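This report goes through local features of one structure, with the cut-offs behind each term. The sequence and the model are shown first.

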Amino acid sequence: MILTVTLNPALDVTYWVDRLALRSATKVRRVRARAGGKGVNVARVAAAVHGPGTVCVTGLAGGSRGEAIREAIAALGVREEFEVIAGESRQTIAIVEENPQPTELREPGPTVTPREWDGFTRRFRVLAKEASVVVLSGSLPPGTPPDAYATLVRAAHEVRSSVIVDTSGPALWDACTAAPDIVKPNEAELPGVDTVVMSSQESVLAAARLLRDHGAGAVIASLGRAGSVAVTADGALRVSHPRVDGNPVGAGDALVAGLALALASGQPLGPAALARASGLAMASVAGSGEVDPAEAERLADMVRTRWIGDGQ
Ligand SMILES: Nc1ncnc2c1ncn2[C@@H]1O[C@H](COP(=O)(O)OP(=O)(O)OP(=O)(O)O)[C@@H](O)[C@H]1O
Ligand SMILES: [Mg+2]
């Protein structure tokens with residue numbers, strides 16, 4: 001089983017409009033609400049490839065939005081094991097005009113009480129026993145301890161599950177101290193990389209090595225349409241592929257789903273596994289977050305990998 005954790009899930013509401021009129025009224029053409037949050041996206045992609053019964057989603061969810069999130073996940077056929085909390089889960093509003101770049105309104109999410117956090121960690125320890133791979137994605141909600149991810153990584157390792165962490169800032173740095181098997185920062189999330197200047201392969205490699213020195217087993221640094229750089233104990237690989245047109249939001253989550261599937265099947269994080277995971281990410285761009293597994297396989301054939309250094 002692949003267990004994904006979303007501590008701060010959202011009900012993602014998308015409004016399609018012709019043109020958003022600020023400080024005035026806008027007619028909505030179409031509206032869609034679906035369960036969101038990075039771990040939910042990872043689960044959706046993993047379930048599309050591996051079958052819905054092989055994936056479980058957990059985290060903290062509350063109020064009527066929390067209920068809507070849980071129902072939407074269950075409707076995907078994915079097992080849902082959220083800890084129910086008192087606060088109302090957040091809603092994210094995306095307003096899509098003809099211009100494909102949406103306007104987004106993001107709420108911070110509810111504050112988690114120490115008692116709710118304890119309840120969640122107990123539930124997590126039980127679920128992690130059933131999982132071969134645990135995926136920890138996204139930011140920490142208000143009220144959770146700053147070392148929340150490090151605690152979960154250790155708990156998962158105690159029951160011999162592999163762990164992937166996809167987060168940023170202090171949460172990523174702290175998670176590394178507990179030696180997660182993989183971390184997957186994007187370019188902006190790499191420590192010390194100046195993203196104003198287009199980062200060079202050398203600075204990406206240096207940042208990835210910094211995360212490995214800090215404890216991460218492997219670092220997959222995703223570089224948007226430019227592909228990724230993977231640094232594992234076996235060496236550093238540059239992964240490149242053609243650019244795909246579409247919506248790149250959630251491509252990182254699809255890449256993480258691919259990495260989780262590789263770990264779940266015991267496949268080493270070498271060229272074949274990275275090509276397959278990148279194919280899922282490219283298919284996610286093409287499908288605006290929805291992944292067609294056959295299309296992903298076709299796209300994976302276009303991925304090229306080459307060794308660019310050792311793992312140190
Ligand atoms: N336009 C694109 N064409 C082809 N592949 C893409 C494109 N954008 C992203 N990808 C693929 O998706 C992977 C992840 O993308 P990116 O680095 O943007 O992740 P991210 O910023 O973590 O995304 P998110 O957090 O929204 O899920 C890249 O490594 C690449 O393989
Ligand atoms: Mg990301």
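## A buried strand residue and the basis of the values

Val163 is part of strand E10, residues 162-166; helices (H or I, at least four residues) and strands (E, at least two) are DSSP runs, numbered from the N terminus. Its relative accessibility is 0%, so Val163 counts as buried. Buried means under 20% relative accessible area, exposed over 50% and partly exposed in between, with a 1.4 Å probe and protein chains only. Between Val163 and Leu210 there are 47 residues in sequence and 19 Å in space, C-alpha to C-alpha.

The model is predicted: local features need pLDDT of at least 70 and side-chain atom pairs count only at pLDDT 80 or more, while totals for chains, interfaces and linings use all residues. Residues are numbered from 1 along each chain as its sequence is written, chains are lettered from A and ligands numbered from 1 in the order in which they are written, and side-chain values use heavy atoms, with hydrogens and water left out.

The structure contains 2 aromatic pairs. In one of them, the ring centres of Trp117 and Phe120 are 5.6 Å apart and the planes meet at 35°, so this pair is tilted. Rings of Phe, Tyr and Trp (its six-membered ring) pair if their centres lie within 6.5 Å; planes under 30 degrees apart count as stacked, over 60 as edge-to-face and the rest as tilted. Trp117 and Phe120 are both in helix H3 (residues 114-130), 3 residues apart, about one turn of the helix. Both residues are buried.

Phe120 and Phe124 also pair, with ring centres 6.1 Å apart and planes at 40°, so this pair is tilted. Phe120 and Phe124 are 4 residues apart in H3, again about one turn of the helix. An α-helix has 3.6 residues a turn, so residues three or four places apart point the same way. Phe124 is buried, as is Phe120. Trp117, Phe120 and Phe124 together make one aromatic cluster.

## Arginine side chains

Arg30 sits over the face of Trp16, 3.8 Å from the ring centre. The criterion is NZ of Lys or CZ of Arg within 6 Å of the ring centre and within 35 degrees of the ring normal.

Arg34 belongs to strand E3, residues 30-36. With a relative accessible area of 19%, Arg34 is buried. Its side chain makes a polar contact of 2.5 Å with the side chain of Glu290. A polar contact is a pair of N or O atoms within 3.5 Å; within protein, one must be able to donate a hydrogen and the other to accept it, and residues adjacent in sequence count only if both atoms are side-chain atoms.

Helix H7 (residues 251-264) has 14 residues, which at 1.5 Å a residue should span 20 Å; the end C-alpha atoms are 20 Å apart, which agrees. The expected span is 1.5 Å times one less than the number of residues. Of the 14 residues of H7, 11 are buried, so the helix is largely enclosed by the rest of the structure. Among the buried residues of H7 are Asp253, Val256 and Leu259. Just after H7, Gly266 has a positive phi of about 75°.

Just after H1, Gly51 takes a positive phi of about 100°.

## Surroundings of ligand 1

There are 22 residues around ligand 1, and Asn186, Ser222, Gly227, His241 and Val244 come nearest; a residue counts if one of its heavy atoms lies within 4 Å. The side chain of Lys38 has an N or O atom 2.9 Å from an oxygen atom of ligand 1. Val244 places a backbone N or O atom 2.8 Å from a nitrogen atom of the ligand, and a backbone N or O atom of Asp253 is 3.2 Å from an oxygen atom of ligand 1.

The protein covers 88% of the 640 Å² of accessible area that ligand 1 has on its own. Accessible areas come from the Shrake-Rupley method with a 1.4 Å probe; for residues, only the protein chains shown count as cover. H7 and helix H8 (271-286) are the elements that give two or more residues to the shell. H7 supplies the largest share, 4 residues.

## Positive phi outside glycine

Arg160 is not a glycine, yet its phi is positive, about 60°. Arg160 is in the loop between helix H4 (148-158) and E10, and is exposed, with a relative accessible area of 75%.

Ser288 also is a residue other than glycine with a positive phi, near 50°. Ser288 lies in the loop between H8 and helix H9 (293-300), and at 44% relative accessibility counts as partly exposed.
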